[in-house]
Amino acid sequence: MRLAYDVRGRGDRALLLLHGFTGNRDTWCRVEPYLADRFRLVRVDLPGHGQSPPPTVSGRDGFEEALRALEQILDAEGAGSADVAGYSQGARLALALAVESPGRVQRLVLESGTAGLHRRKERAERRRADERLADQILAEGVDAFVRRWELLPLFEGLRRLPAPDLEELRARRASSTAEGLAAALRALGVGVQPDYWPHLWKLRVPTLLLTGAQDSKFTALARRMAAELPLVWGHAFAGVGHAPHLEAPEAWAREVVAFLETPWFEAPVWSTA
């Protein structure tokens, strides 16, 4: 699989940006003005979104296929490793990349993400729910799905955006095909994602966890993850819901830039020889 992507910004340091479900690479347009002078922004259309093809396989193999495709992008850009920031679905893939290929990730920014579902029964139930949703998208089409998706309580904060921003958001959500979104659910959903909770304690990648304070579910998940991660920082934005990078872009960028530009050095390996 080869994913569509582009590169923005004038900095030397690569920052891989991974959007959420129903998004595309333009998801990051509201924070780009604050990042472009400092970083080389590698903006990816994830499988089944934007201009990227759907996953070629479902289930765990499809999830692994997406991770390998992200590594191919880093190789193509001459970045053996990079800082990685992901939102929601993108946060789960960013964490997976750090766990599965730790040498490829320098610093990690996870916005409204999770380390997965811990119980096998929960993962099976979520896969069945995502399968039903995928069938519904295929039967009814993207426009009908997007109208329902926008009304979820999870996105209440987004409904407060100015009208032009809401129109751009709706256009991005409607830009994918029904086949692409259905395939993404079947390959990248949280029910397919491996359970990464047991791996957090040994993840030696500096990690920033961002949520909106009004998103109680994902703020609680972030606190659980923070209790397990060895090198972790966090922030919950007051008055903000599930998508801080869209609801509070300047504050989001301030936290991310401060985190990425703060010096950090891994302890040297001592030799007794």
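Which residue in strand 4 is the bridge partner of Leu17? It's Ala85. Keep in mind that this is a predicted model.

**Strand 4 and its neighbours**

That bridge belongs to the pairing of strand 2 (residues 13–18) with strand 4, which runs in the parallel sense over four bridges. Strand 4 also pairs with strand 5 (residues 105–111), again in the parallel sense, here over five bridges. In this second pairing, Tyr87 stands opposite Glu111 of strand 5.

| Strand pair | Sense | Bridges | Residues facing each other |
|---|---|---|---|
| Strand 2 and strand 4 | parallel | four bridges | Leu17 and Ala85 |
| Strand 4 and strand 5 | parallel | five bridges | Tyr87 and Glu111 |

How buried is strand 4 (residues 82–87)? Six of its six residues are buried, so the rest of the structure largely encloses this strand. As a bit of background, side chains in a regular strand alternate between the two faces of the sheet.

**Over to Ala236**

Buried means under 20% relative accessible area and exposed means over 50%, so Ala236, at 32% relative accessibility, counts as partly exposed. Setting aside neighbours within four places in sequence, Ala236 is in contact with Thr211, Ala213 and Thr219. As for Trp252, this residue lies 16 residues from Ala236 along the chain, and their C-alpha atoms are 9.9 Å apart.

Terms used: Residues numbered from 1 in each chain as written. Predicted model: local features only at pLDDT ≥ 70, side-chain atom pairs only at ≥ 80, totals over all residues. Heavy atoms only, no water. Buried < 20%, exposed > 50% of the residue type's maximum accessible area, 1.4 Å probe, protein only. Helix = DSSP H or I, 4+ residues; strand = E, 2+ residues; numbered from the N terminus. Pairing = 2+ DSSP bridges. Contact = heavy atoms within 4.5 Å.
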